[in-house]
Amino acid sequence: MNRDYIFNYEGKNYLILKFSDLTALGNMYRGVWYFRHPDYYVYAAIENKNPGQGDKYEEKLSKISCGNLSFSTSKNDRNVKSIGTYSAKLYKSDDERDSMRFISFYELEVSDTGVLGKVDNQMKDFGDYVAVVQYNKLCGELKNSYSIQNIQVQYLEDNYCGAIGDGCKNRKYSYQKERRLIIKSENFLSKIRENVDLTAIQKKYFELRKIMGDGCKSNSERIKAEKEIDKLMLREIEIKKDFYSEIKTQCGLLFKIIPTERLFKIKNISELI
């Protein structure tokens, strides 16, 4: 078994795969990687053009000790979540999310004898091609320039009650077996803060929040303010989705780009690498 491509996590061996189109994988093969702002995936969920590839709660969830995690937001305050009879801070701050960029991979478990786990057919929706990533080398290289988080995404039931942290998603996405690589930098946050349109949105947002905090004169005034806030939040997501970071690494961190259809015929790691 070629250990260069094996990623070990909690005693299990994995191949880390990237599903995508041939152009994107070609860029990665040449050492050019694109790390996205979380709102890229939030907007994908709003558009709902590719079910399963978007998540409107992408990297929004923070930590909580207990409560009914219903995956729904409070309309009037994006930083407070009602949980049963309690309210709790559930969402990461904008600054925390704006300082991160990430890329997602697929974890394919490999037995000690090299037998590959089963890949769900739904992964065909993520790209016509797939490649094996030298994940250990990729992480090692990125650590030289960025603070990184290496996360195995956890999949929770709608009625889950307990602790949550980074990389938690709804159980219906569990077929994705996602390994998430997050890089963080103050430079990412600075570029967001320098954006004129986003600055104007934040100013208007806080003006509306102040109006609502001071008490609206009528119910119609409150409803109008809520609608304006919703529009501002959507516009903010539309802008932030286009923030990405082009990261250049050494070449050769991808191996053997193959058609996705072929992957489903491969049973042993020896047939792949």
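Because the model is predicted, local features are given only where pLDDT is at least 70 and side-chain atom pairs count only at pLDDT 80 or more, while totals for chains, interfaces and linings use all residues. Residues are numbered from 1 along each chain as its sequence is written, and side-chain values use heavy atoms, with hydrogens and water left out.

**Overall make-up**

- The protein has eight helices and 13 strands, where helices (H or I, at least four residues) and strands (E, at least two) are DSSP runs numbered from the N terminus.
- Of the 273 residues in the protein, 45% are buried, a term that stands for under 20% relative accessible area, with exposed meaning over 50% and partly exposed in between (1.4 Å probe, protein chains only).
- Among contacts (heavy atoms within 4.5 Å) between residues at least 6 apart in sequence, 77% join residues at least 24 apart.
- The accessible surface comes to about 14,600 Å², and 47% of this surface belongs to carbon and sulfur atoms; such areas come from the Shrake-Rupley method with a 1.4 Å probe, and for residues only the protein chains shown count as cover.

**Helix 4**

- In helix 4, which covers residues 135–142, Tyr-135, Leu-138, Cys-139 and Leu-142 are buried.
- Seen down the axis of helix 4, these buried residues fall within an arc of 95°, so they line one face of the helix; the arc is that of the directions from the helix axis to the C-beta atoms.

- Arg-97 and Asp-39 meet in a salt bridge at 2.9 Å, N to O, and because Arg-97 lies in helix 3 (residues 94–98) and Asp-39 in helix 2 (residues 39–47), the pair ties together parts that are 58 residues apart in sequence.
- Arg-97 counts as buried at 5% relative accessibility, and Asp-39 is buried with a relative accessible area of 3%.
- Glu-107 and Arg-179 form a salt bridge at 2.6 Å, N to O, which links strand 6 (residues 100–110) with strand 11 (residues 178–184) across 72 residues.
- Glu-107 is buried with a relative accessible area of 5%, and Arg-179 is buried at 0% relative accessibility.

**A salt-bridge network**

- Glu-236 and Lys-240 form a salt bridge whose closest N and O atoms are 3.3 Å apart, and both residues are buried.
- Being four residues apart in helix 7 (residues 219–240), Glu-236 and Lys-240 are separated by about one helical turn.
- Asp-98, Glu-236 and Lys-240 are linked in a network of salt bridges.

Notes
A salt bridge is a side-chain nitrogen of Lys or Arg within 4 Å of a carboxyl oxygen of Asp or Glu.
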